[in-house]
Amino acid sequence: MSIKSELLLAKFAELSKDPLETAKKECEGKGVIAVSGMYLPEELIHAAGFMPIVLLEQNEPVAAANAHVQPFMCGYVRSLMDQAIEKKLSFTKAVFVKDCCHELRMIGDLVRHTQGDKVNIEFFFFPVTIKAEASKKFIAEEIQNMKERVEKYLGKKIEEEAIAESIKVFNRFRLAMQELYAIRRNAPGCISEMALRDVVRAVMSIPKEKATDMVLELNEALKAELADGTIKAKKGPKLIISGSLCESLEPAVIKAVESAGGVIADDDLYVGGRYFNTLVDEGEDPMTALTQAYIYRNGPCCTQTDPDNRNGFYLKQLAENAGAKGIITVVIKFCEAHYFGNLADVNDLKANFKGKVFSVFTDHDTDSEGQIATRVQSFIENL
Ligand code: SF4
């Protein structure tokens with residue numbers, strides 16, 4: 001008979017199989033507003049009574065989009081285009097596209113063109129130099145601007161109290177996920193990385209209240225099963241996984257790490273820890289709190305520059321906190337922002353981190369499982 005955590009994880013796995021179908025079923029008649037790209041204040045969508053979801057890549061290889069999008073675009077944007085061509089985004093009220101890179105900016109326009117007036121594309125822009133004084137003002141205005149654009153779909157103003165309430169809902173969700181990650185950090189391997197990937201994909205596609213309840217139940221089950229010895233931490237060299245920006249971590253990397261005996265103790269992924277690692281201040285005026293949270297977010301991102309807060313040092317800290325000996329940075333093919341960011345991260349890590357660092361390149365469509373497995377295995381053997 002399956003243990004409780006396995007049963008709960010099976011529910012997450014089911015929800016994460018087809019995120020858009022899940023969102024349609026789970027939105028309880030509320031309109032859905034999706035976000036694409038990393039770090040958007042979903043609280044504003046929630047406060048308007050819509051269900052926010054994060055658009056993810058499909059599991060299937062990119063097909064129809066190949067006729068519309070250059071092959072030298074990342075798999076995430078090509079998969080988004082595929083979903084648009086297949087008219088899978090038409091059920092949303094709007095899609096907010098964060099201007100993380102040139103590729104996302106382009107895809108927003110292409111999706112708008114492909115779907116005609118069926119998908120409302122709203123661009124959301126953060127300056128690259130995130131902490132410059134002029135940028136801070138711009139970010140405050142852009143968050144206000146997003147609020148006004150959500151109000152356009154709502155047909156009335158979003159009350160300040162509703163935003164404050166949504167911040168609480170999201171913080172409660174973030175704390176539940178942070179607790180799950182702490183459980184994994186303290187007993188790495190007690191939950192498989194694929195299962196954790198399913199959890200994060202699922203919680204991006206369902207109401208945050210339901211996500212929180214499900215995660216809290218899972219946390220209780222894992223804690224009880226660890227305490228009575230039903231499940232245990234896995235032995236093996238501990239690792240941190242970073243990168244993969246907008247896209248879920250390629251399963252081939254997880255398989256390669258686990259079959260080589262490595263244990264992932266923490267991650268620095270957007271479809272992972274980065275999605276929930278920053279709380280929004282509940283004691284502040286809600287719009288100011290959101291602005292501050294998105295300027296001073298935990299974990300610098302290579303799509304923005306922050307010379308005083310380099311990602312290599314953040315990764316070093318993450319690895320040391322988890323007792324990890326190695327860091328694997330995962331670079332998605334044609335993700336230009338990460339090509340440059342990764343070089344700086346690796347240089348900083350080589351100079352400052354006592355463990356080892358290694359980069360692996362993944363592609364949504366290319367079957368490079370064998371090559372990834374060989375390279376990851378040799379890295380883990382040398383830890
Ligand atoms: S994965 Fe990289 S290239 Fe693709 S949309 Fe995200 S930031 Fe842009």
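Hi everyone, let's start with helix H8, whose buried residues pack against helix H1 (4-17), helix H2 (19-26), helix H7 (160-186), helix H9 (208-227), helix H10 (251-259) and strand S6 (263-269). Contact here means C-beta atoms, placed from the backbone, within 7 Å, and buried means 20 or more other C-beta atoms within 10 Å of a residue's own. Helices (H or I, at least four residues) and strands (E, at least two) are DSSP runs, numbered from the N terminus.

This is a predicted model, so local features need pLDDT of at least 70 and side-chain atom pairs count only at pLDDT 80 or more, while totals for chains, interfaces and linings use all residues. Residues are numbered from 1 along each chain as its sequence is written.

Back to H8, residues 193-203: nine of its 11 residues are buried, so the helix is largely enclosed by the rest of the structure. Among them are Glu193, Arg197, Asp198 and Arg201.

Now the ligand. Helix H4 (75-85), helix H5 (102-115) and helix H13 (336-352) each supply at least two residues of the shell around the ligand. Of the 15 residues around the ligand, Cys74, Cys101, Leu245, Cys246 and Cys335 come nearest; a residue counts as near if its C-beta atom, placed from the backbone, lies within 6 Å.

Last, the sheet. Four strands form an open sheet in the order S2-S1-S3-S4, with parallel pairing; to pair, two strands need at least two DSSP bridges between them. Strand S2 (51-54) and strand S4 (121-124) are the edges, each pairing on one side only. S4 is joined to strand S3 (residues 94-98) by four bridges, and Phe96 has Glu122 of S4 as its bridge partner. Thanks, everyone!

Terms used
Buried ≥ 20, exposed ≤ 12 C-beta atoms within 10 Å, placed from the backbone. Contact = placed C-beta atoms within 7 Å.
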